[in-house]
Amino acid sequence: MTGEIALIEGDGIGQEVIPAATSVLEAVSSFEYTSVEAGDETKAETGTALPEVTEAAVKEADATLFGAAGETAADVILPLRNAVDSYVNIRPVRAYPGVNALQPETDIVFLRENTEGVYAGVEDDLTSSLSTLTRVVSDSASRRVGKFACEYVTSVSAEQFHVVHKANVMQKTDGRFRDNVREVAKQQGVEIEEFLMDAFATRVCLSPEQFDVIVCPNLAGDVLSDLAAGLVGGLGLLPSANIGPSNAVFEPVHGTAPDIAGQGIANPTAAVLSAAMMLDHLGMQQEAARVRDAVEKVLDTGPHTPDLGGRATTREVTSAIIDFIWANLIGLNRIAVNLSLT
Ligand code: NAI
Ligand code: MG
């Protein structure tokens, strides 16, 4: 047994892809799960989208795997991120062999500031016909994500990162974000390049191979990573991690996909890769690598769900991933036995 995990399926395809991800997890190790509830259905039943017991379970667990919430998404995911004091959201966007991608060279990791910007929740109705929103940017949050980015590029042997902002217009807020990230990078001896976020949106579509690690404010990271998902084959492929100082929440980037929910055809890849990120976080790098190898193999050879042009169900793709994990393990054991005989 390794690690206690809080599980929140949530709504829509969250109820399909989280069971898929846990069955893959079970193929590489065993875990203690605490299943708790959140989302639209929970709100309808209990009057609150995020019951206290769920928040407490997330705080107590070693890590949380979350599916998606529907209309109540903001009432669920923002407090969940706060519950683990998550200051950075990691979103890897990769084109995989075997998947028809608009831009097959794409291999980018977005590091998104996860606590403030326009998602700080400071909105107001000033009059009956006028609403405002306050954009919050602090030195401390900007420096934290900058420091994380420096450590991240060093850990993945990247040479630099790009900081993407709109400081030419939002001079005080994005200016503060950019200046802090710039200063931290200088202190840590990490090279950075800057891009204005609108120009970046064009550039990443035309030449994604030019980028490795992108650091950006909250809303920009949300939107630009979804844009990049379009370059690699869609939202069904994107995992994410909300990292806090000692705890973390892992979730596919996608939502509840109401257009396909209940049909058993959701792509489990994003949830399974989120689970692999969780294994890394729990210090289980070998198990994480086994999961990723299996996912990549199945993406390469099929079966594929309809979003990737195939006809397979969630269950068939998940079974193929698990079969590959077992086949690989038997292969490794054979090699070990042969080595011990020689
Ligand atoms: P969405 O991500 O649910 O769906 C967008 C499109 O991508 C749909 O066509 C959907 O079928 C497809 N898609 C997404 N994941 C897929 C998968 N695993 N396999 C195959 N196709 C997949 O985004 P949308 O439609 O904007 O939002 C639907 C609901 O989800 C809304 O109520 C929204 O509030 C919520 N949402 C929740 C999030 C969260 O809980 N973190 C994040 C984004 C949206
Ligand atoms: Mg989003």
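A polar contact here is a pair of N or O atoms within 3.5 Å, and within protein one of them must be able to donate a hydrogen and the other to accept it. The model is predicted.

**Stop one: Asn218**

Select Asn218 and Arg112 and show their side chains: a polar contact of 2.8 Å joins them. Asn218 belongs to helix H8, residues 218-232. Its relative accessibility is 3%, so Asn218 counts as buried. Now widen the selection around Asn218. Beyond its neighbours within four places in sequence, Asn218 is in contact with Arg112, Glu113, Asn114, Thr115, Glu116 and Tyr119.

**Stop two: ring pairs**

Next, colour the aromatic side chains. The structure holds 7 aromatic pairs. Select Tyr87 and Phe148, whose rings pair edge-to-face, with 6.2 Å centre to centre and 80° between the planes. Tyr87 sits in the loop between helix H4 (73-83) and strand S4 (88-94), while Phe148 is in helix H5 (residues 139-155), so this pair ties together parts that are 61 residues apart in sequence. Buried or exposed, where does Tyr87 fall? With 15% relative accessibility, Tyr87 counts as buried. Phe148, at 14%, also counts as buried.

Tyr152 is buried, as is Phe148.

Then select Phe110, Phe195, Phe200 and Phe211, which ring pairs link into a cluster.

**Stop three: Lys147**

Stay on helix H5 and select Lys147. Lys147 has a relative accessible area of 40% and is partly exposed. Which residues does Lys147 contact, leaving aside its neighbours within four places in sequence? They are Val184 and Gln188.

**Stop four: ligand 1**

- An oxygen atom of ligand 1 lies 2.9 Å from a polar backbone atom of Gly70.
- An oxygen atom of ligand 1 lies 3.2 Å from an N or O atom in the Glu71 side chain.
- A nitrogen atom of ligand 1 lies 3.3 Å from an N or O atom in the Glu251 side chain.

Taken alone, ligand 1 exposes 810 Å², and the protein buries 69% of that.

**Stop five: backbone angles**

Most residues other than glycine have a negative phi, and most peptide bonds are trans. Ala257 is in the loop between strand S12 (248-250) and helix H9 (269-281).

Move to Asp85, which has a positive phi of about 50° although it is not a glycine. Asp85 lies in the loop between H4 and S4. At 36% relative accessibility, Asp85 counts as partly exposed.

Finally, select Gly302 and Pro303. The peptide bond that joins Gly302 and Pro303 is cis, with omega about 5°. Pro303 is in the loop between helix H10 (285-301) and helix H11 (314-341).

How values were computed: Residues numbered from 1 in each chain as written. Chains lettered and ligands numbered in written order. Predicted model: local features only at pLDDT ≥ 70, side-chain atom pairs only at ≥ 80, totals over all residues. Heavy atoms only, no water. Phe/Tyr/Trp six-rings, centres within 6.5 Å; stacked < 30°, edge-to-face > 60°. Helix = DSSP H or I, 4+ residues; strand = E, 2+ residues; numbered from the N terminus. Buried < 20%, exposed > 50% of the residue type's maximum accessible area, 1.4 Å probe, protein only. Areas by Shrake-Rupley, 256 points an atom, 1.4 Å probe, with all protein chains shown as cover. Contact = heavy atoms within 4.5 Å.
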